[in-house]
Amino acid sequence: MQSSIKSLTAIISLCLAATACSGTQVSTDHPQARPTTQSTAAPTAKPSTNTAALPSVEEIKQRVQTKFEGQKPRKWGEHLPGIIDRLPTQEKLIALTFDACGGQHGSGYDAPLIQYLEREQIPATLFINSRWIERNEQIFLRLARQPLFEIENHGTVHRPLSVNGRAIYGIRGTANVNEALEEVLGNDRKIMELTGKKPKFFRSGTAYYDDVAVKIIHETGERPVNFDVIGDAGATFSARQVKQALLTAKPGSIVILHFNQPQGDTAEGLKQAIPLLRKQGYRFVKLEDVLK
């Protein structure tokens with residue numbers, strides 16, 4: 001039964017996930033979430049870490065363009081060599097990862113979901129897009145200060161990462177090496193400026209890449225991370241479906257979910273699944289706790 005659930009989920013998976021993450025580029029998007037009420041207090045960033053020794057964006061671009069310009073991709077997908085989709089462990093550890101994609105229909109904030117994680121002391125990795133940060137900067141800064149959460153890079157304008165413009169779900173990928181670099185480094189630098197901390201991991205918009213783009217990500221000092229469990233199909237699953245998907249997790253699973261669609265049932269599904277997973281002996285970790 002679990003395998004058939006997972007198979008069905010894989011079919012609709014990120015085609016529906018594009019709903020939560022794609023802005024106006026896909027006609028099946030949810031209605032726009034209400035704008036989040038934000039405090040007018042001045043944002044406070046984390047204390048700066050030592051980022052002075054990092055190469056500049058221009059230095060990275062020059063080096064990477066020289067290395068990859070003219071290379072033609074041979075592979076395309078979510079699960080390619082060089083992409084992490086499971087933790088390297090047989091312990092009963094699960095990494096819950098939550099995307100916030102930004103754009104017209106992807107800039108909401110599921111406060112009850114985040115509050116549940118905090119109340120239950122559940123560590124999580126948050127992949128956040130630059131557009132979401134712009135709409136929710138003070139919320140972003142609060143999340144970045146929360147030790148339970150790890151902030152990672154979900155791209156600048158939320159595109160599939162390619163070097164030839166290949167599209168998926170009607171969303172055009174980055175068109176060349178320079179655009180791929182901008183998609184990674186634009187948000188990388190934004191997160192660094194706001195938090196003082198360089199992201200370690202990257203997940204592209206739609207979670208699709210070609211094999212050249214995967215190598216480019218590694219050249220920026222980040223590592224691409226996808227998943228082996230689709231937890232909410234872009235926040236379109238019912239609470240029951242979220243629960244069933246989470247219960248297919250195995251030791252070392254990385255689960256993809258979303259916290260940018262407050263009208264969805266992701267939070268309720270989590271509340272139903274987490275106690276059952278804990279009863280089975282599972283613990284929850286941030287990616288950086290295991291992927292050193």
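## Two helices side by side

In this predicted model, helices α2 and α6 are roughly antiparallel to each other, because an angle over 145 degrees counts as roughly antiparallel and theirs is about 150°. Helix α2 covers residues 57–68, helix α6 covers residues 177–195, and their axes lie 10 Å apart. Why quote both an angle and a distance?

Which residues of α2 and α6 make the contact? From α2 come Val57, Ile60, Lys61, Val64, Gln65 and Phe68. From α6 come Val177, Asn178, Leu181, Glu182, Leu185 and Arg189. Sorted by class, the contact of α2 with α6 has seven nonpolar residues, along with three charged and two polar ones.

Now let us look at the backbone.

Find His158 in the loop between β4 (149–153) and β5 (167–168). His158 is not a glycine, yet its phi is positive, at about 65°. Is His158 buried or exposed? His158 counts as buried because its relative accessibility is 1%, and the cut-off for buried is under 20%.

Thr206 sits in the loop between β7 (201–202) and β8 (209–210). Phi of Thr206 is positive too, near 75°, and this residue is likewise something other than glycine. With a relative accessible area of 7%, Thr206 is buried.

Notes
Residues numbered from 1 in each chain as written. Predicted model: local features only at pLDDT ≥ 70, side-chain atom pairs only at ≥ 80, totals over all residues. Heavy atoms only, no water. Axes fitted to C-alpha atoms, helices over the stretch in contact; angles between N-to-C directions. Helix = DSSP H or I, 4+ residues; strand = E, 2+ residues; numbered from the N terminus. Parallel < 35°, antiparallel > 145°, perpendicular 65-115°, else oblique. Contact = heavy atoms within 4.5 Å. Nonpolar A, V, L, I, M, F, W, Y, C, P; charged D, E, K, R; others polar. Buried < 20%, exposed > 50% of the residue type's maximum accessible area, 1.4 Å probe, protein only.
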